[in-house]
Amino acid sequence: MVTPLRQAGGGEGSGAGRYFRYMAEFIGLTEADVDVIRRTRPILEKHLPDVVARFYAHLLRYPPTRRVFSRADGSIDHDYLELRMRHQHNFWLRTAEGVYDDDYAEYVAYVSRAHTSRGADPDIYIPERYVIGMVGFVQHAFTQALTQELAHDEELEDAAVSAWNKLLMVILEVLASAYRHEHAAEAYEAFQPVDEAAMSALAQRAFDREQGPVVPVPLREVRVTAANELPDGERKIVEVDGVSIGVFHHRGEWHAVRNYCLHRGGPVATGTLDGDVLTCPWHGFQYDVTTGRSLVDPLAELDVYGVIERDGEIYVQVPDQVPAAAAPPAPAPAAPASFLGENEFRPAEVAPGSFKLVELDGEGVLVYNVGGVFHATQAECPHAYGPLEEGTLDGHLIVCPLHDSRFDVTSGQVVAGPARDPLRTFRVVIDAGVGRVEAITL
């Protein structure tokens, strides 16, 4: 089989890309399947608003997933719900493009981590069962749409359903891989009523914002400041019609983005700016300040505004006559929430005799608790790239699940083959109740 996930240039590519390609090979996703997926993208686009509306209505019926979209008073946060709908539309639209390179694989891996305790926001942990259910729900909905639209062409219908099923199995495995050592008990709470008509309207609006036709709108200019009052490297936050906007004087040019992070609505324009990278102070989501594009997903971007310098004055261009109620209220600046970086973990979650997978510079690292002392090694067996996170910890020895190679996690040394090379080890630092993995420099 020739895989559609071949790494450009013949290299192995990223860890996520390599794993995605491996699973595609195993499941049997072919170039012909990818071609069918591309051909049926218009069908999925047509049905996607309805699929997303039904999916989120489904989530709102279940108390454990409803809480993710609820305010403190129990009401639904429709602004945040619409943001999540936009992300969902974007995920499937990008998937339907049929480009499954390293960037796409890293994107899926990022989405998988975002739902776990290692995600940027610990308040939106989603148990694995619901991620599995999400893919199953979408798989069934896509099958219905394809069957309905391709009833006149039975051969293409069968090929399309088969291709999408294969792809969704690969995606499901990557999404589930982030939950290797996480499991949350279910409380079996009663279902909740949902306004499905409201969900349909909201999903259509979210789809239009992500993919709908660009409709020209009249603009008006709003004065921001005198040019000489905002030196290069500085910014100013202004509010126009209830919308908070960050105006940046950056490297001799002017840029303006909406002060509303696509993740949880954080005050992104108040975050740190390193080069062109703007980092939201709430949960660390990053954007290119010159374009508004997310660094994780270039298809997702902040609203951007034109900036004009005229007669020594700076003006921002905003849509004319935009009702204030149409935009979510600008959040008050807040201290960054407590979240975990990719190389961090909570020591209390790694009991003696257990281990946890984290990442450092894109590489998997396992953190072990051996008798109350933490150690860390690479997560990939050097013999045949076995996933050590699926192995067993026997005292201070980690056993590879593929060929039973054994390594001493305190030193990385090989105790039993067939592996010959030792594991790389890392420093573990515990600070203020948070564990952190660091590279060892000589």
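Me: Which residue forms a salt bridge with Asp241, and how far apart are the closest N and O atoms?

Reply: Asp241 forms a salt bridge with Arg220, and the closest N and O atoms are 2.6 Å apart. Keep in mind that this is a predicted model. Now the general idea. Side chains of opposite charge can pair when their charged atoms come close.

Me: Where in the chain do the two partners lie?

Reply: The pair links distant parts of the chain, 21 residues apart. Asp241 sits in the loop between strand E2 (235-240) and strand E3 (243-250). Arg220 belongs to strand E1 (residues 219-226).

Me: Is Asp241 buried, exposed or partly exposed?

Reply: Read the relative accessible area: under 20% is buried, over 50% is exposed, and in between is partly exposed. Asp241 has 31%, so Asp241 counts as partly exposed. Arg220 has 28%, so Arg220 is also partly exposed.

Me: Which residues do salt bridges that share partners join into one network?

Reply: Arg41, Glu45 and Glu97 are joined this way. Take one link: Glu97 bridges to Arg41, with 3.5 Å between the closest N and O atoms. Glu97 lies in the loop between H5 and H6, and Arg41 lies in helix H3, 56 residues apart. Glu97 is partly exposed at 33% relative accessible area. Arg41, at 15%, is buried.

Me: Where do Arg54 and Asp50 lie?

Reply: Both are in helix H3, four residues apart, which is about one turn of the helix. Arg54 is partly exposed at 32% relative accessible area. Asp50 is partly exposed too, at 39%.

Me: How many salt bridges does the count come to?

Reply: The count comes to 19 salt bridges.

Me: Leaving aside its neighbours within four places in sequence, what is Phe142 in contact with?

Reply: Look past those neighbours, and Phe142 contacts Leu44, Leu48, Val51, Trp92, Trp164 and Leu168.

Me: Where is Thr392 found, and what is it in contact with?

Reply: Thr392 is in strand E15 (residues 392-394). Beyond its neighbours within four places in sequence, Thr392 contacts Phe355, Leu397, Ile398 and Val399. Thr392 and Phe355 are 37 residues apart in sequence, yet their C-alpha atoms are 9.1 Å apart in space. Thr392 is partly exposed, at 49% relative accessibility.

Me: Now the whole protein. How many helices and strands are there?

Reply: There are nine helices and 20 strands. Of the 442 residues, 47% count as buried.

Me: What share of the contacts with a separation of 6 or more comes from residues 24 or more positions apart?

Reply: Such residues account for 59% of those contacts.

Methods:
Residues are numbered from 1 along each chain as its sequence is written. This is a predicted model: local features need pLDDT of at least 70, side-chain atom pairs count only at pLDDT 80 or more; totals for chains, interfaces and linings use all residues. Side-chain values use heavy atoms; hydrogens and water are left out. Contact means heavy atoms within 4.5 Å. Helices (H or I, at least four residues) and strands (E, at least two) are DSSP runs, numbered from the N terminus. Buried means under 20% relative accessible area, exposed over 50%, partly exposed in between (1.4 Å probe, protein chains only). A salt bridge is a side-chain nitrogen of Lys or Arg within 4 Å of a carboxyl oxygen of Asp or Glu.
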